[in-house]
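Let's take a walk through this protein, from the overall build down to a few single residues. Have the viewer open as you read.

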Amino acid sequence: MRDFHDYDSLYIKTGVIIGELIIVNGLLFLLTVLFPNAMHVHVDSDYEVRTRMFYAIINLSYLLALSWVGIVLDKRSVFIESILKNVLKISIIQFFIVFASLYIMKTYISLSFLVIYSVWVFASLSCWRVFLRLMLKAYRSRGGNSKRVIILGAGSIANQVYNQLISNVSYGYKFMGFFDDRAPEDYKVPAELVKGKLADANEFALNNDVRVIYCALPAGDDRKAVSTIRFAEQNFIRCLIVPDFRRFIEKKVELSFLEEIPLVSLRLEPLHKFGNRLLKRVFDILVSGVFLVTIFPLLYIILGTIIKLTSPGPIFFRQKRTGENGRDFYCYKFRSMHVNDDADKVQATKGDARVSKIGAIMRKTNLDEMPQFINVFIGDMSVVGPRPHMLKHTEMYSELIDKYMLRHWCKPGITGWAQVTGFRGETKTLEEMEGRVKRDVWYIENWSFWLDIKIMFLTVWNMIKGEENAY
């Protein structure tokens, strides 16, 4: 039996922690110099003792938050988004631990000081971790911190795994060979890379310091790998099983369990998780609430007056649309058309005579959509999500487009991924609607908080530069 302690990973994590402790304390020292009156203590309190205690709380809170969230940048495959998400969690948890500790100890720190400190911590640690991740990827690309890998199987699945390993050298894997019992003429991989039969894998792994084994055998042959899997576990070798369902599923899936029964969902739904839904809802309430009490009243007075003076009818246009899980709701807009009987049936087209002069300006700049922040605040919509369609379109396109109704698995949005990638406004053909639906489903399967922020920035940018399809 051999020693298999991953010292490289331990060194990486230690370097991360030491660097972040320096950053955490350095920022605190800098801010206390910039804001010397931020900490208030009782007259009978020792300021120096309280200051040292404050530093201790900051360090302990960081370590507690880190132990809870963990470090992910040392993993072989990790996205920058995951790194930033972990840093955000650490910053938030640290903020609440520090706030609670100071309150209990009756050491009063300016709330604005704590907020500024937390923002600086998030920004600094994010830069630090991204920098380290890029350095680590560069180091692994040159052969450092590598792990030796073999693959059980020489079929199409094994070939897919092999191609991923060699095309992403920054993962730091050194491929050593395939092992399979099939005849050479049935190989789906380069024959010269097959090192032997499945029975030869154990001895090869032991003699060549193999650290990871991928079991990529086709369904029906996977039982042949049982002895190698047991051998790997006894010798501290990581063994990863590649399930053979790619022949009918060609996208990322999610694995869950019914007691001990593994279940594979056909698609990822990040917003199905309570934490993500809560984060998105809190963000929606904050954004819509701030907008409704600041900018919206001014827009209502100015645009409402112009609408009333230039076109008979109400200021708001209210229309039933399809929302989350197929539930209908009333969507609000500033009325951009003259009152007509086709508003709930026919999309606006270029040069549409129904659109008023002020309506054309509002539609071009998205200002007609601003009342939908009311829908966001009351929970019918989200700031970002698939655009809600008229009931007539839902009924029609659900029969014509595969997976159309999947776009209703989350709340509709004021803006969305389809709108910022060229699918805003009128859909003249079935292919255009299919393109919009495809992007809506992609958004649902790939949602993240940072994707919402990106879409919002792109929306604002498109409003500034103007869009050809906005009419």
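Accessible areas here come from the Shrake-Rupley method with a 1.4 Å probe. On that basis, the accessible surface of the protein comes to about 25800 Å², and 62% of that surface belongs to carbon and sulfur atoms. Keep in mind that this is a predicted model.

**The overall build**

You'll find 14 helices and 13 strands in the protein. Its chain runs to 471 residues, and buried residues make up 44% of them. As for how the chain folds back on itself, take the contacts between residues at least 6 apart in sequence: 73% of these join residues at least 24 apart.

In soluble globular proteins, nonpolar side chains tend to be buried together. The largest nonpolar core in this model has 30 residues. Which of its members touch the most others? They are Phe291, Phe334, Phe373, Tyr443 and Ile455. Several elements give two or more residues to this core, including helix 8 (274-310), strand 11 (328-334), helix 10 (372-378), helix 13 (430-445) and helix 14 (449-465). Helix 8 gives the most, with seven residues. Apart from this core lies another one, made of 29 residues, and Val24, Leu28, Ala65 and Val98 are among them.

**A nonpolar patch on the outside**

Nonpolar side chains also turn up on the surface. Leu30, Leu34, Phe35, Phe99, Leu111, Val115, Ile116, Val119 and Trp120 form a patch there, with about 770 Å² of accessible area together. Helix 1 (7-34) and helix 4 (111-141) each supply at least two of the patch residues. Which helix provides the largest share? That's helix 4, with five residues. Phe99, another patch member, sits in helix 3 (residues 80-105). Phe99 counts as partly exposed because its relative accessibility is 42%, between the 20% and 50% cut-offs.

Helix 4 also holds Ala138. With 30% relative accessibility, Ala138 counts as partly exposed.

**A buried serine in a loop**

Is Ser356 buried or exposed? Its relative accessibility is 6%, so Ser356 counts as buried. You'll find Ser356 in the loop between strand 11 and helix 9. Leaving out residues up to four places away in sequence, Ser356 touches Ser336, Met337 and His338.

Most residues other than glycine have a negative phi. Asp209 and Asn325 are worth a look with that in mind. Asp209 is not a glycine, yet has a positive phi of about 55°; Asn325, not a glycine either, has a positive phi of about 60°. Asp209 lies in the loop between helix 6 (201-207) and strand 6 (212-215), while Asn325 is in the loop between strand 10 (316-322) and strand 11.

How much of each is accessible? Here they are, along with the other single residues above:

| Residue | Relative accessibility | Class |
|---|---|---|
| Phe99 | 42% | partly exposed |
| Ala138 | 30% | partly exposed |
| Asp209 | 35% | partly exposed |
| Asn325 | 63% | exposed |
| Ser356 | 6% | buried |

Asn325 counts as exposed because its 63% is over the 50% cut-off.

How values were computed: Residues numbered from 1 in each chain as written. Predicted model: local features only at pLDDT ≥ 70, side-chain atom pairs only at ≥ 80, totals over all residues. Heavy atoms only, no water. Core = buried A, V, L, I, M, F, W, Y, C linked by side-chain atoms within 4.5 Å. Buried < 20%, exposed > 50% of the residue type's maximum accessible area, 1.4 Å probe, protein only. Helix = DSSP H or I, 4+ residues; strand = E, 2+ residues; numbered from the N terminus. Patch = residues over 30% accessible without salt bridge, like charges linked within 9 Å, V, L, I, M, F, W, Y side chains within 5 Å. Salt bridge = Lys/Arg side-chain N within 4 Å of Asp/Glu carboxyl O. Contact = heavy atoms within 4.5 Å.
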